[in-house]
Amino acid sequence: MRQELLQNPVFHMAAAQFDRVADFLDLNDELRERCKWPKRLISVTVPVKLDSGEVKVFFAHRVQHHLTRGPVKGGLRYHPAVDLGEVAALAMWMNWKCALMDLPYGGGKGGIACDPRSMSSGELERMTRRFTMEILPFIGPEIDVMAPDMGTNEQTMAWMVDTYSTHQGYFAPSIVTGKPLTLQGSAGRTQATGHGVAFLASSALHKQNLPVEGATAVVQGFGNVGSYTASTMASYGIKVCGISDVNGAIWNDNGLNIYQLKEHVAKTGSIIGFKDSEAIAPDELLCQPCDILAPAALDRVITGENAGKLRCKILAEGANGPTTPEADAILDARGDIFVIPDILCNAGGVTVSYFEWVQNLQRFQWTEREVLSKLETMLQKTFEKVLAFATKHGVSQRVAAQSIAIKTVADAKAQRGLFP
Ligand code: NAD
């Protein structure tokens with residue numbers, strides 16, 4: 001593989017994190033190489049007839065990091081900035097996330113470089129269906145199972161199920177997760193990631209002997225993860241004082257009414273202009289005093305520039321890769337912020353995706369209560385495991401989480417041996 005294909009700042013960040021943990025684990029050179037590099041990089045072009053009649057070609061990628069412990073699992077992202085290196089980084093993080101949660105999966109990620117907000121529903125459907133056909137030889141319930149990510153949703157997954165099932169000649173719901181309930185999606189999947197972020201943030205408050213009721217929070221992003229993080233926090237009695245989206249940020253000292261904010265966003269498409277709130281500069285939002293800061297939008301938003309200025313007690317990483325290695329070094333030196341690293345904090349999504357896949361394979365549906373209660377049990381168990389590892393080895397919670405995960409994958413590779 002030409003390593004230049006992966007030149008991308010997000011991949012460099014994921015690789016730097018891996019190297020640090022591989023050094024800590026003292027992985028031998030063979031396992032280090034086998035764990036670090038993705039198994040398959042798949043790039044396809046996707047020609048789509050636009051509503052205007054013009055044909056546009058989109059570039060799409062799918063990276064399957066490894067298949068040592070099961071099929072790869074990971075989201076499909078529609079965003080203008082998607083490129084192969086970024087997708088490879090996200091696949092690597094998915095890998096560690098699945099291993100940390102002890103799910104029988106490797107990590108994968110995909111994306112199409114496009115601006116979904118400027119495309120009609122028909123254009124998105126044609127693009128999704130054509131992409132599914134282009135990638136068909138490389139996916140399957142035992143090979144690669146996709147799910148929604150930024151810019152995609154349950155409708156996208158419904159089109160993928162339909163395209164794959166039509167090609168197979170039978171209904172195959174286990175090809176993707178995050179589907180609508182009518183197509184055997186799982187109860188609880190839509191809110192799972194945000195629910196998990198809020199649940200772990202409240203567990204972190206308990207660990208620090210801080211009250212949950214009346215705690216304050218700031219959430220960056222109000223899409224799937226951000227909105228359910230905020231609404232679950234609000235249901236615990238946490239005051240979500242600040243929220244941002246791509247258009248700007250809003251603030252209310254007494255806590256924003258999240259249910260009304262969701263209605264406002266459903267009507268207007270943005271958080272901007274919400275009653276009972278004042279505008280605040282998005283950069284300032286992250287540095288406001290609060291108990292919990294939950295970045296739930298983009299990668300690399302906590303940087304060497306702003307990490308020293310954060311005034312939260314808990315950093316609950318809803319997004320993938322929100323904290324750069326430079327920021328990590330500053331947070332480690334500060335030692336006053338309790339970090340719930342991304343591969344643990346946002347693992348609720350892939351865990352309920354796993355529940356959905358299991359339900360599909362068994363042709364059996366669980367209730368929302370069963371799903372969320374199983375999710376909370378698994379998150380709490382892994383949270384305790386990460387904290388115990390960090391304490392025992394005197395490392396940060398990020399290094400602890402990644403160490404448990406990378407060791408799990410390395411051990412599996414060592415035990416399977418090398419073919420031929
Ligand atoms: P989404 O597309 O539903 O929402 C993204 C949100 O981010 C939107 O509210 C958008 O307005 C906002 N945003 C974009 N640019 C912004 C900016 N500059 N400042 C503030 N807000 C901005 O995406 P999502 O599914 O909620 O994913 C968000 C993050 O969580 C991504 O990093 C994704 O990889 C990660 N994640 C998602 C899931 C999942 O189940 N959806 C699971 C694990 C991790």
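**Entry 1: helix α12**

I began at the end of α12, where the next residue, R363, has a positive phi near 55 degrees. The model is predicted: local features need pLDDT of at least 70 and side-chain atom pairs count only at pLDDT 80 or more, while totals for chains, interfaces and linings use all residues. Residues are numbered from 1 along each chain as its sequence is written, and side-chain values use heavy atoms, with hydrogens and water left out.

I took helices (H or I, at least four residues) and strands (E, at least two) as DSSP runs, numbered from the N terminus. I then checked the length of α12, residues 348-362. The expected span is 1.5 Å times one less than the number of residues. For the 15 residues of α12 this gives 21 Å, and the end C-alpha atoms are 21 Å apart, which agrees.

Next I looked up burial (buried is under 20% relative accessible area, exposed over 50%, partly exposed in between; 1.4 Å probe, protein chains only). In α12, 12 of the 15 residues are buried, so the helix is largely enclosed by the rest of the structure. Among them are F355, W357 and V358. I also asked which elements the buried residues of α12 pack against. Taking contact as heavy atoms within 4.5 Å, I found β3 (72-79), α3 (84-100), β5 (144-148), α6 (189-207) and α13 (368-393).

**Entry 2: the ligand**

The ligand is surrounded by 23 residues, the closest being R77, T193, N224, V225 and N320. At least two residues of this shell come from each of α6, α7 (224-235) and β7 (239-245).

Ligand oxygen atoms lie 2.9 Å from a polar backbone atom of N224, 2.9 Å from one of V246 and 3.3 Å from one of G151. The ligand taken alone exposes 840 Å², of which the protein buries 83%; these areas come from the Shrake-Rupley method with a 1.4 Å probe.

**Entry 3: cysteines**

I searched the whole structure for disulfides and found zero, a disulfide being a pair of cysteine sulfur atoms within 2.5 Å. For C287, the nearest cysteine sulfur is that of C312, 9.1 Å away. C287 is buried, at a relative accessible area of 12%.

Notes: A residue is near a molecule or strand if one of its heavy atoms lies within 4 Å of it. A polar contact is a pair of N or O atoms within 3.5 Å; within protein, one must be able to donate a hydrogen and the other to accept it, and residues adjacent in sequence count only if both atoms are side-chain atoms.
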